[in-house]
Structure formats: C-alpha cells, structure tokens
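Subject: Structure handover

Hello,

Here is the structure I promised to pass on. Please open it beside this email and follow along.

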Amino acid sequence: MSMQISTTRTERPVDDARLAEILAEPGFGTHFTDHMFTVEWTPAEGWHDARVTPYGPLSLDPATAVLHYAQETFEGMKAYRHGDGSIWAFRPEENAARMVRSSHRLALPVLEVEDFVQAVEALVSVDERWVPDPAGEKSLYLRPFMFASEAFLGVRPSQHVTFMVIASPAGSYFKGGVRPVSLWLSEEYTRAGRGGMGAAKTGGNYASSLLPQSEAIAQGCDQVVFLDGEEGTYVEELGGMNMYFVFKDGRIVTPALGTILEGITRASIIELAGKMGHQVEERRFGIDEWRDGVASGDIVEIFACGTAAVVTPVGELRWQDGGHTPAPASTELTSAIRQALVDVQFGRAEDTFGWMRRIV
Ligand SMILES: *Cc1c(COP(=O)(O)O)cnc(C)c1O
C-alpha cells in the first residue's frame, strides 16, 4: 500500500538570505521548515487525507484527547546532506518500526513502515533546501509524531488520530567540541517500571523525566541517569540516551532491553562494535559494577548514545550526600565509534551495513 499525498506549497517560503542565516546557526528545535506532513486516521476510513501543506499552527478543540490523557508517540531522526549534494536518511525503517511498537503500547493505530518512510521522504523532498551542508555535522532533524486528536473526554483509545512530520535544521550537538557529560544518579525517581511504557517513545516518559533532570542541573550535572524501578540497582539509561560501558579487555556492555528505550544508535553500535572486534554484552548492569569498575580501572570508558548527540563520553557520576565516581580514563573507543557512525551518516565512509536510504 502506498499513500496518495497531495502537496500545497507555501506562497511565502523563507527567503534565501534568511534561510542562509538560519542554516549558519541552526541551534536545535527552534526553526522549522516551510512545510509539514499530515495524515489522519479513523476506524472507518483508516489513514486518509495525506498532505504536505505550509507549516503552521494547529487548531485543536480544548477537549482533544491528547491534551488530557497523553495518548501520543513520536520519533526522532535526521536527514543528512552528502558531499555530492544528495540527501539521505539513516535507517528510517527502524524509526518506522519503532513507532509501530510504541503506538501499539499507546493503543494508537499502526502506520505501516512504508507509509511512515514515504511521509518523511515527501516532506524532506519538498523542503530539501532546508537540509544544511554537511560541514560541522549539521543535519535536518525530523520529528514524526502521532496523537489522539478526537475531541472526547472519555477514557478509551481515540477514534481520531493524527500523524504528522515536522522538520528543523540542527547544528552539531557539541558547540565547543565534544565534552564529557556529567551525570546525576536519581535515587528518588525512576523513568519506567515493569509492564509500563519505558520502551515506548512517548511524551509521558519525557514529562516524568523533567523534574529529575532539573534536579541534576541544580546539582551541577548535565544529565540524569535512571536506575530500574524494581530494585533500584541496575542502570537503565539517561532521560533520552542509552548507555555503554567499555572494559579494559575490550568487552563492551549495554543495559538489556525491557524497560529502556530501544535506541537505533544503540542497536547500530552493537553491530559496529562487533565488526570492530569487540565482544558486546546486553545484560543487566549494576550501579556498583559502575562504581567498582571505574575505581579498579576495569572500566576504561563510558558513553551515552542517541540520534541528537550520536555518541557522547560520560564523565563524572554524582549522587546524594556528595558521593561520586570520577570520569573513566579514556575516550578512545568512544571517539572511534562516534567517528565511524557520523562518517557513514555523512557519506564519508562506505555504508557496509546498508543503513543509508537516499531521499533526494
Ligand atoms: C529516542 C531515545 C533514545 C535514543 O534513541 P535513538 O534511536 O538512538 O535516537 C534513548 N532513550 C530515550 C528515552 C529516547 O527517547
């Protein structure tokens, strides 16, 4: 099945001079392209009325279900311009498949993988001039999202659902060069529990992370790290990034799936590090193993990963009453993995895994 997409181009696109200014200093998530993609769903009609239209505000009934019960899912991905001017997405089918899984958990309808990819490609094609030049690792951040758009206060899955894609040029995550992030260990709050929605990419997980994240900032740290909800012992992930621990014998460990978000960067690193000759273990990883491993020198690097920052070294870990574990000694493998990934994404290295999909 493929969608019929109508396109209405804006009569007032951002002019070339202003666009050049925005792309020179895009920041993150503040500037949006000239257009957006929308498709709607009802039980009777299925997905219908797919369209690319000028970017603009939505008009929502105050009773719109998502505003009350947070029935929504989203994705985060990027379009990259290569040196020859072509534009590519990184494993977009994986984002599409993850949205199917997230939406299942949130009782939202299935948007087929090919329809999701087609929607993303339609928007990027219309707004292709918004994809920055690759210098400085700039890209076009894409935000597909699905939400309960029925105006009804009853508690049940929405009978009207909207899926949209918006896009925003993004600069390099690290302005002053790659710098290790310091982490605050949240002992009071967790992000997910057994049977909950920790594995779904849904706004509620972010809403619940904001308070602990502010606590981290107030404690002088960059990010919060969460432990499992049952025993408060095992490392889960950061508010929006997965974690990796590198041992001095070359093994690398990442927390097993279950209550964490299944990062596509995480999954890609499992394959990449394997090819680089590292043994990769997906398993439970105790907070004591972190503290002891850094202290003994067994753990030589720690890093976090996700689409926005790709790979970022983790520095000091701090917790209540002045407890802390220092930054591990090295960032060598962290840098090598980061470089290998961005080289594939920007077309500077051979795409041996077949991860890239050409859009334009
Ligand atoms: C999106 C996300 C990640 C990273 O996933 P990627 O697919 O690698 O971008 C990690 N943790 C959470 C909670 C997320 O929402």
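In which strand is methionine 36 found? Methionine 36 belongs to strand β2, residues 35–42. Helices (H or I, at least four residues) and strands (E, at least two) are DSSP runs, numbered from the N terminus.

Before going further, some ground rules. This is a predicted model, in which local features need pLDDT of at least 70 and side-chain atom pairs count only at pLDDT 80 or more, while totals for chains, interfaces and linings use all residues. Residues are numbered from 1 along each chain as its sequence is written, and side-chain values use heavy atoms, with hydrogens and water left out.

Methionine 36 has a relative accessible area of 9%, so it is buried. Buried means under 20% relative accessible area, exposed means over 50%, and partly exposed is in between (1.4 Å probe, protein chains only). Methionine 36 and valine 124 are 88 residues apart in sequence. In space, their C-alpha atoms are 9.4 Å apart.

Valine 124 is one of the buried residues of α4. Helix α4 covers residues 113–126. Its 14 residues should span 20 Å at 1.5 Å a residue, and its end C-alpha atoms are 20 Å apart, which agrees. The expected span of a helix is 1.5 Å times one less than its number of residues.

Why is α4 described as largely enclosed by the rest of the structure? Because 10 of its 14 residues are buried. Among them are Asp115, Phe116, Val117 and Glu121.

**The ligand**

The ligand sits in the largest pocket. On a 1 Å grid over the protein atoms alone, a pocket is an open set of points with protein on both sides within 12 Å along at least five of seven lines. A molecule sits in a pocket if more than half of its atoms lie within 2 Å of its grid points.

Which of the 15 residues around the ligand come nearest? They are Lys201, Tyr206, Glu237, Thr265 and Thr307. A residue is near a molecule if one of its heavy atoms lies within 4 Å of it.

An oxygen atom of the ligand is 2.5 Å from an N or O atom in the side chain of tyrosine 206. For threonine 265, the distance from a ligand oxygen to a side-chain N or O atom is 2.6 Å. For threonine 307, that distance is 2.6 Å. Taken alone, the ligand exposes 380 Å², and the protein buries 97% of that. Accessible areas come from the Shrake-Rupley method with a 1.4 Å probe.

**Helix α6**

Threonine 265 is also one of the buried residues in α6. Others listed as buried there include Ile264, Arg266 and Leu272. Helix α6 spans residues 264–275 and has 12 residues. It reaches 17 Å from its first C-alpha to its last, close to the 16 Å expected at 1.5 Å a residue. Just after α6, glycine 277 takes a positive phi of about 95°.

Arginine 91 is not a glycine, yet its phi is positive, at about 45°. Arginine 91 is in the loop between β6 (87–90) and α3 (92–105). Its relative accessibility is 10%, so arginine 91 counts as buried.

Alanine 107 has a positive phi too, near 55°. It lies in the loop between α3 and α4. Is alanine 107 buried or partly exposed? At 39% relative accessibility, alanine 107 counts as partly exposed.

- Leucine 317 is in strand β16 (residues 310–319). At 0% relative accessibility, it counts as buried. Its C-alpha is 4.8 Å from that of leucine 183, 134 residues apart along the chain.
- Glutamate 188 is in the loop between β9 (181–186) and α5 (203–218). At 60% relative accessibility, it counts as exposed. The C-alpha atoms of glutamate 188 and glycine 229 are separated by 9.9 Å, with the two 41 residues apart along the chain.
- Isoleucine 337 is in helix α8 (residues 332–345). Its relative accessible area is 0%, so it is buried. Isoleucine 337 and alanine 167 are 170 residues apart in sequence and 27 Å apart in space, C-alpha to C-alpha.

Best wishes

Technical notes. A polar contact is a pair of N or O atoms within 3.5 Å; within protein, one must be able to donate a hydrogen and the other to accept it, and residues adjacent in sequence count only if both atoms are side-chain atoms. On a 1 Å grid over the protein atoms alone, a cavity is a set of points where a 1.4 Å probe fits but cannot get out, and a pocket is an open set with protein on both sides within 12 Å along at least five of seven lines; lining residues have an atom within 4 Å of a point.
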